Amino acid sequence: MPFEQLLQYIFSGITSGSIYAIVAIGFNIIYNTTGIINFAQGEFLMLGGMTAISLHSFMPLPLAILAAVIITSAVGALIDFIFIRRLKSPSVLNMVIVTIGLSIMIREIALHVWDEKVRSLPYFTGSEVTSINIMGAYISPQVLWVLGVSGVIVAFLGVFFRFTLTGRSMRACASNITAARLCGINTKNMVTISFMLSAAIGALAGCVISPITQTQYDCGTSLAIKGFTVAILGGLGNSTGAVIGGIIIGLLEAMSISIMPLAYKDAISIAILLIILFARPSGLLGKREAAGLKEF
Amino acid sequence: MLKIRNLNAGYGKLRVLKGVSLHVAPGEIVTIIGGNGSGKSTLLRTVAGIVRAQEGEIMLGGRDISADEPETIVSAGCSLVPEGRLIFNTMTVRENLSLGAYPRLRGDRKTDLQAELEVIFAMFPRLREREYQLGGTLSGGEQQMLAIGRALMARPRLIMLDEPSMGLAPIIVKNIFEEIRKLRGAGNTILLVEQNARAALRIADRGYVIETGQMVLEGTSEELLNNNDVQRAYLGKEYRSIGE
């Protein structure tokens, strides 16, 4: 394979990989405070993208994206308030089933609100045909936007979880929920914040990828499956793992195109998911002992 | 300080505490001794709000806290050092301690955290050496110090300790109990649950004996240490005298 072509594949792999990583981080944030997988995570991306597209018809792009992030984040809070917080028996299984139901519901509502047409936000800079030449590989400026935004999200979360009181309390919930309550932390509020936060970063991701991947009422599902695979590969709850896992899966998918028909691209991540679940369910960076104690 | 009357509590349909009553006066060290499964830990967990009270009242400084959430109870001045320590393994010693002050940090962001950390570090110098180490990498004794320090960071009026000696070497148990004694000297009120009845009664003013969820005996530490039933069941006296 010529070098330029290899580079082209690597860029496309890292791009989709960083998207998967953001979806996976969204999974992780909620998993860490509740111990559940929020299967509506993909819908947050769709909602963010769709809302921004609608708003963009009458307001400038940056404002539309900001508003979309805020609205989606509010939806996340609402989901927790209405469906999760009030559960009579908040077992892991019950909550997971609630999120599966929610993902179907949100998709159907989106179908009614927006119909099934494929839409997209305009390219943030340039247009479909603009491209930047990096050492012989041609990439769209939007790819740089995706990489940049992903990097900013990861860095922001790193600072948030390490240095803010709220971030630390969320980590405390992840580490030991009983001890967190005994420290006086209102764990229910932390769950709300985690839903808002992962909805917000999901929406932001949904907006930046919209020009490349297009947005449709049901585009969240496939992203959620990829993100889930990445979260499992990296080790559930581990954000560094999510970034590494995302890039691995993105690269493997991109490379697979050169040896296998394009149609098999999605099969790669499913195959990896199965292999991990059989061989190392705790993921690359997850601790085996810890995984043994988890319900999920 | 703490007055519990006719408390019933348990897990689901299982009733563990059956009409427990006790009181702790300000400045006292009170210990609850009892065997495995007698309901000692459940009692403390109920006071802390982790286990729901089904009946009865828990008065903390004149207010019934039996229906309150754990975070409210911590803010009301009652902290539990839980059994098994339950420190945050994936966080540093410093982060563990500062989370102990969470309710006050939320209320007033200007709280001088460093000064308060210094107080804990002065009490447990080992924690200062380990300040930036992850909680999970500490030894058992250090983890117990961390758990006590974390609870103290909330500035409680009443500290409840659940089995602080569990799984620790005798010399470390001695240190920990020495620190608990000093805590009282500093004006704290302490409710201590222990399987190590001898060590607990040595530092306590009064004690209660709990069996299958009911208080069967109460008295001053002196009385309990000299009580034949207590000696046989919890102090292993007769076995020792045979040995001698």
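Two strands pair if DSSP finds at least two bridges between them; helices (H or I, at least four residues) and strands (E, at least two) are themselves DSSP runs, numbered from the N terminus. In chain B, strand 6 and strand 7 (residues 158-162) pair in the parallel sense over four bridges. Within strand 7 of chain B, B:M160 is the residue that stands opposite B:L80.

The model is predicted, so local features need pLDDT of at least 70 and side-chain atom pairs count only at pLDDT 80 or more, while totals for chains, interfaces and linings use all residues. Residues are numbered from 1 along each chain as its sequence is written, and chains are lettered from A and ligands numbered from 1 in the order in which they are written.

The strand pair belongs to an open sheet of six strands in chain B, with mixed pairing and the order 6-7-8-3-9-10. Strand 6 (78-81) and strand 10 (214-220) of chain B are the edge strands, each pairing on one side only. On average, neighbouring strands of this sheet are turned by 15° against each other, direction ignored. Helix 1 (residues 40-48) of chain B packs on the sheet and touches strand 3 (29-33), strand 6, strand 7, strand 8 (189-194) and strand 9 (206-211) of chain B; its direction makes about 145° with that of strand 7 of chain B. Angles run from 0 to 180 degrees between N-to-C directions, and axes are lines fitted to C-alpha atoms, for helices over the stretch in contact. Helix 8 (residues 170-185) of chain B lies across strand 3, strand 7 and strand 8 of chain B, at about 155° to strand 8 of chain B.

Helix 2 of chain B holds B:I73. B:I73 is buried, with 25 other C-beta atoms within 10 Å (buried is 20 or more other C-beta atoms within 10 Å of a residue's own, exposed 12 or fewer, partly exposed in between, with C-beta atoms placed from the backbone). Not counting residues up to four places away in sequence, B:I73 touches B:A48, B:G49, B:I65, B:D68 and B:C78, where contact is C-beta atoms, placed from the backbone, within 7 Å.

By that criterion, 23 residues of chain B are in contact with 15 residues of chain A. Helix 2 (70-75), helix 3 (93-100) and helix 4 (102-107) of chain B each supply at least two residues of the side of chain B that touches chain A. This side has 15 nonpolar, four polar and four charged residues (Ala, Val, Leu, Ile, Met, Phe, Trp, Tyr, Cys and Pro count as nonpolar, Asp, Glu, Lys and Arg as charged, the others, Gly among them, as polar).

In chain A, helix 1 (residues 3-34) has 32 residues and reaches 45 Å from its first C-alpha to its last, close to the 46 Å expected at 1.5 Å a residue, the expected span being 1.5 Å times one less than the number of residues. Of its 32 residues, 23 are buried. A:G35, with a positive phi near 80°, follows helix 1 of chain A.

Helix 1 of chain A packs against helix 9 (residues 219-234) of chain A at an angle of about 70°, with their axes 7 Å apart. That makes the two helices roughly perpendicular (65 to 115 degrees; under 35 is roughly parallel, over 145 roughly antiparallel, the rest oblique). Helix 5 (residues 141-163) and helix 8 (residues 187-213) of chain A pack at about 170°, with their axes 9 Å apart, and are therefore roughly antiparallel to each other. Their contact has ten nonpolar, one polar and no charged residues.

Definitions and conventions
Contact = placed C-beta atoms within 7 Å.
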